[in-house]
Structure formats: C-alpha cells, structure tokens
Amino acid sequence: MTFLDIVVIGLGGFVGAILRYLLSQRLNGNNPFGTLLVNLSGSLLIGIIFGFGLPKLWMMFLVSGFAGALTTFSTLQKEVIEQWRTGKKKQAVTYAFVTYVVGIALAILGFTMSR
C-alpha cells in the first residue's frame, strides 16, 4: 500500500463518515432509521461499484473509504443489543434481519445492475 492509497482511502472515509453522522443525527430517534439507511445504501453502493469494475484508486476511495465509513455495522450491533436489553426483542431481531438480508440483496442487485 502506497502513501497515495492511504490518502485516497482517508479522503473517502472523511466524506463517508460525515455523511453518516449527519444522516444519523437527522434520522435516528426512537428507531435507528439513519443507521439502517446508511447500511442499506452503502450495501447497494458497494454492489454497484464492484459491478462497474473501476480502477484501483476509485475502488479505494469509494469502497474502502467512502462506503466503509458510511456504513456502520458496529453501531448496528450496539443498537440491536440496546433494543434487546430494553425488551424490544422483536424489533431487535427485525432490525438485524432487515439490515443483513436486505443489505446483501441490495449489494447483489447493485452489482447486477451495474454490469
């Protein structure tokens, strides 16, 4: 990995992290709709980008940097555990199921659409 690779990933991550923060601040309330939105849109975006077969630096910027910082599966885990611990077990299972199943489906859809 070169210094340029690190800079490109960092720039993509900077943009993705700020967008995630803004969406989470705006959409997360009693339910984590912001987290769900960034994870699902990031899954679709990764599928689309892989389907296009972009050059290495664009892949690093968009996938490793931007989409990597946009999506937040660690926050998902925290929110599922919080829902479970507060007695919202059905909501926790639904949230995890929708995120993973729909996320994988969107990644496949994005990949298929962009080929």
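I will start with a helix pair: the axes of α1 and helix α3, residues 56-70, approach within 6 Å and cross at roughly 35°. Axes here are lines fitted to C-alpha atoms, for helices over the stretch in contact, and angles run from 0 to 180 degrees between N-to-C directions. α1 and α3 cross in a right-handed sense, where right-handed means that the near helix is turned clockwise from the far one by less than a right angle, and left-handed that it is turned anticlockwise.

Some housekeeping. This is a predicted model, in which local features need pLDDT of at least 70 and side-chain atom pairs count only at pLDDT 80 or more, while totals for chains, interfaces and linings use all residues. Residues are numbered from 1 along each chain as its sequence is written, and side-chain values use heavy atoms, with hydrogens and water left out.

Back to the pair of α1 and α3. On the α1 side, the contact residues include Leu4, Val8, Leu11, Gly12, Gly16 and Arg20; on the α3 side they include Lys56, Met60, Phe61, Gly65 and Leu70. Contact means heavy atoms within 4.5 Å. By class, the contact of α1 with α3 has 13 nonpolar, five polar and three charged residues. Ala, Val, Leu, Ile, Met, Phe, Trp, Tyr, Cys and Pro count as nonpolar, Asp, Glu, Lys and Arg as charged, and the others, Gly among them, as polar.

Now the overall picture. The protein has five helices and zero strands, so the order from the N terminus is α-α-α-α-α. Helices are DSSP runs of H or I with at least four residues, strands are runs of E with at least two, and both are numbered from the N terminus. The C-alpha trace spans about 45 × 30 × 25 Å along its principal axes. Of the contacts with a separation of 6 or more, 71% join residues 24 or more positions apart.

The crossing is left-handed. Among the residues in contact are Phe73, Leu76, Val80 and Trp84 of α4 and Ala92, Tyr95, Ala96 and Tyr100 of α5. The contact of α4 with α5 comprises nine nonpolar, four polar and two charged residues.

Next, burial. Of the 115 residues, 35% count as buried, meaning under 20% relative accessible area, with exposed over 50% and partly exposed in between, for a 1.4 Å probe and protein chains only.

Three residues to look at. Serine 24 lies in helix α1, residues 3-27, and counts as buried at 15% relative accessibility. Beyond four places in sequence, serine 24 touches Gly34 and Thr35.

Phenylalanine 50, in helix α2, residues 33-52, is partly exposed at 44%. Outside four places in sequence, phenylalanine 50 contacts Met59, Val63 and Phe111. Its C-alpha atom is 9.2 Å from that of alanine 107, 57 residues away along the chain.

Methionine 1 sits in the segment before α1 and counts as exposed at 74% relative accessibility. Even so, methionine 1 is in contact with Ile6 and Ile9, leaving aside neighbours within four places.
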